[in-house]
Amino acid sequence: MTSLWLIIGYVVLAPLIGGIISGLDRIITARMQGRYGPPVRQAFFDVFKLFEKQNLTVNRFHGYYLVCFLIFIIFSGILFFGGSDLLMVVFAFTVADIFLVLAAYSTNSPYCSIGAERELLQMLAAEPMLLLTAVGFYMVFGSFHVSVIYRAALGGKLPILYLPGVFLGLTYVLTIKFRKSPFDLSTSHHAHQELIKGLTTEFAGPSLALIEIAHWYETVLLLGMVYLFFAFVPIIGVIITLFIYFVEILIDNTNARIKWQLMLESAWLATLVLGGLNLLALYLFAMISKGG
Amino acid sequence: MFWIFFLILFPLIPALLLLVFKNPGAIKWIVLVSCAVICSAAIIMTVNYLQTGPGKQQVLYFPISSPMVDYLVGIGDIILALVFLFVCRRLPFKKLWIPLLVILQYAPVIYYDLSGRVPETTQYIFLDNLSIIMALIIGIVGSLITVYTIGYMRHYHEEHPEIPDRSNKFIATIFLFFFAMYGIIFSNSITWIYFFWEITTLCSFIMIGYSRTEEAVHNAYRALWMLLLGGLAYACAIIYLSSSCGTIELNTMLGMNQALVMAPILLICFAGMNKAAQFPFSKWLLGAMVAPTPSSALLHSSTMVKAGVYICIRCAPAVRNTLGGDIVALIGGITFLAASAIGISRRDGKQVLAYSTIGNLGLIILCAGIGTPLTLWAAVMLIIFHAVAKALLFLGVGTIEQQTGSRDIEEMHGLITKMPRMTLIMLIGIAGMFLAPFGMLIAKWAVLEALAKEGSIFPVIVIFGGSMMLFFWAKWMGQLVAVIRPEPRKEEGIGIEWLGLWPLAILTVLICAFYWVVGIYAVEPLFGTDPLLSLINIWMVLVMIVMMLMLPLGFLIHWKHLVHVEPYLCGANVKDPHMFMGALGKGRYWWFNNYYLNKYFNEKKVTFLTNTITTVLLVIMLFRWCLG
């Protein structure tokens, strides 16, 4: 029953929470840059306004792929908050991302295509760590199911104590998944040059609003994964999760965009070193405890 | 019992008929009727077998007491050896080691056979769930490919008038292939398997060299010697089993003391990996692309390479928890990783498909090497899903190549405007290879689940390989769906090919929706485990399948207030949106190619590295267990 409420809560509240986080993001970013910044509700105003605008489109397909993108993001969130298989959550998340990429490809515009290609590179860089996280949870809790992990965490078996390396690795690729600087290769919230609007170049009005809403769902889902590491005392978990998001904003504002080569290399290195070593340690401990 | 012999022997009839009849009408009807017969026979046999009820593992043995059959196979071996020597007759002196390989393996086997050193057996033929699954794959997927071949070969010879039309012999070879494949999967006698095994080698040699161009002949001989190497390992296993273990039955061998039969089992696994084109033997399968596309579809999906992984899965329970098994698994894992990496850097559609085959076979070998019930469950699922989706993709690429004149992925840019139906088929095939909730992903999910349980480095290999596959499939999909300026349709030329394409496409989707049926009725009784058959998982997959199937409906929605605009070109647009204003004030066409990341995933570099590692592993394996 709780899982049903969580699912409903996710579907209804995630855009709200995501929007507020996005608003806070803009305020904090503004303060870091010595500006005052917009009100928290600005993100909602923007989306409402986008819906009012003309629906400019290059062809009749791409808006449709975007709808699929949104649907699958929500679906993967439902799987996660419904306590389902963590691997399937990542796979559904990937499907959603593929639809975003297809939408961009289908426009057949050069900027969009570059963005699509770079989004694929971002997936190539981030995907291993996401799956490795799932495997890490499995090695500690013996199950991929979020509900099992969550219950065990509430029962006092705190994931972060067993998976510190995996957590750091996940935090590293989280920046890629949020498309924040230095990894805002495929698209960025800052419209300072054509190339970097990439993926979203051809999307305007309602289509862009869809992307924005999907992004809110995405944010909540990813933060949910972070929360899972600290799911012992809810309030502490939430504070740490928000702190992680604050760190992402800080990184966003203090780092210049890097080339995709460096992104790919560093993300894979982080995956192998932080995630891989963590898993190796778990494996060795299991061997020792089995032997003893 | 009847159906087994029927399935093995029946394909010989159309094969012989096709040697006699050359006119297109006759070929068409012979193929259609025989394929229908083979399909139905495989299905009837399955139904008969399953009537005992689901969930029961039963292995049926059919003893044959007449020594006649053994003589037949003995004579077959001698004939086959002579045929091999015959095809080598014109080889230059420096390639004399190819016939030497033939003599090296056939001389001892025939000698042992004639001198009565090969142990007696009566259990030549058996039937269990795995054979049933393989029989269905060969029967259904193979038949659909054969039907497609009729149309393909007609186009092929229109395009290449310089190549003499021997398409009746080509299709006859396909039926010979069926004969050999059915022989392999139903045989319990290792000498029998060896006989059929070498027939598949001969068939692929004939198919690869079909066009008789210099490249084709070169690749055919390369495939021949590489595959003969596997045959040699197999022959060694027979000699070893005859002289040291006193049995020639597959089931008896697998039941014996592990230490005693480790050597022959690893030799058979070696032959299996060789046939499944694992590194360092990947070259033969890549070279096989010069042949007409249906033969690639056949080699890659339902026959040939599947025989290799089949035999490895058979041997898997015996190598479980041994160092030898781990080495087999490692070679499979490295192959998966390397092939997925190289796939990123290839732009030739068929090559991408080939590397993805090699990679996925590597994954299956990895599962077999680990050998727990869970991984074997996943391996069998991988075989099923891969066979259907890969056959579809090869036939798709073959059709596109014939209609547009290119199989370069970059040339497929905007295919959706030129060939909407073919694009749909390709999208289904590609989605079937990597996207949730389609087949291969269900299997990969099971693999990860199974490997995580083992707790070793293998999950890392699977994760990285899978991510790289995702990259090259997704960018291919992207090229297909790009909507370009209207172009004339190019689908009119496709005729009987649809008869192979559509059923395969539908099968790809259906088999995902009903993977649990396959799991419960066919795979679970084999290994007695059901990692993904919990109700919630089945529902999850079904919901996603339904969501995916609803997608095409979405295109019917008429969006209101759409305002069409041209793509943004940074203000450098000229009137035509496919041009931009160049530096000299002239309009120039723009285009955008995909990334191929040659810096990281260069074919030569990765192949060299992988070949070195896997060769070392193989040598260690052979020295440690087979010579020591």
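Analyst: For residue classes, Ala, Val, Leu, Ile, Met, Phe, Trp, Tyr, Cys and Pro count as nonpolar, Asp, Glu, Lys and Arg as charged, and the others, Gly among them, as polar. The model is predicted: local features need pLDDT of at least 70, side-chain atom pairs pLDDT 80 or more, and lining totals use all residues. Residues are numbered from 1 along each chain, and chains are lettered from A in the order written.

User: How many cavities of 30 Å³ or more are there?
Analyst: Nine. A cavity is a set of points on a 1 Å grid over the protein atoms alone where a 1.4 Å probe fits but cannot get out; lining residues have an atom within 4 Å of a point. Volume is the space filled by probe spheres set on the points, which are joined across faces, edges and corners.

User: What lines the largest cavity?
Analyst: 16 residues, with A:Phe91, A:Leu131, B:Leu441, B:Lys444 and B:Gly466 nearest its centre. By class, 11 are nonpolar, three polar and two charged. The space is about 180 Å³.

User: Which helix gives the most to that lining?
Analyst: Helix 21 of chain B, with six residues. Helices here are DSSP runs (H or I, at least four residues), numbered from the N terminus.

Technical notes
Heavy atoms only, no water. 1 Å grid on protein atoms, 1.4 Å probe; cavity = no way out; pocket = protein on both sides within 12 Å on 5 of 7 lines; lining within 4 Å. Helix = DSSP H or I, 4+ residues; strand = E, 2+ residues; numbered from the N terminus.
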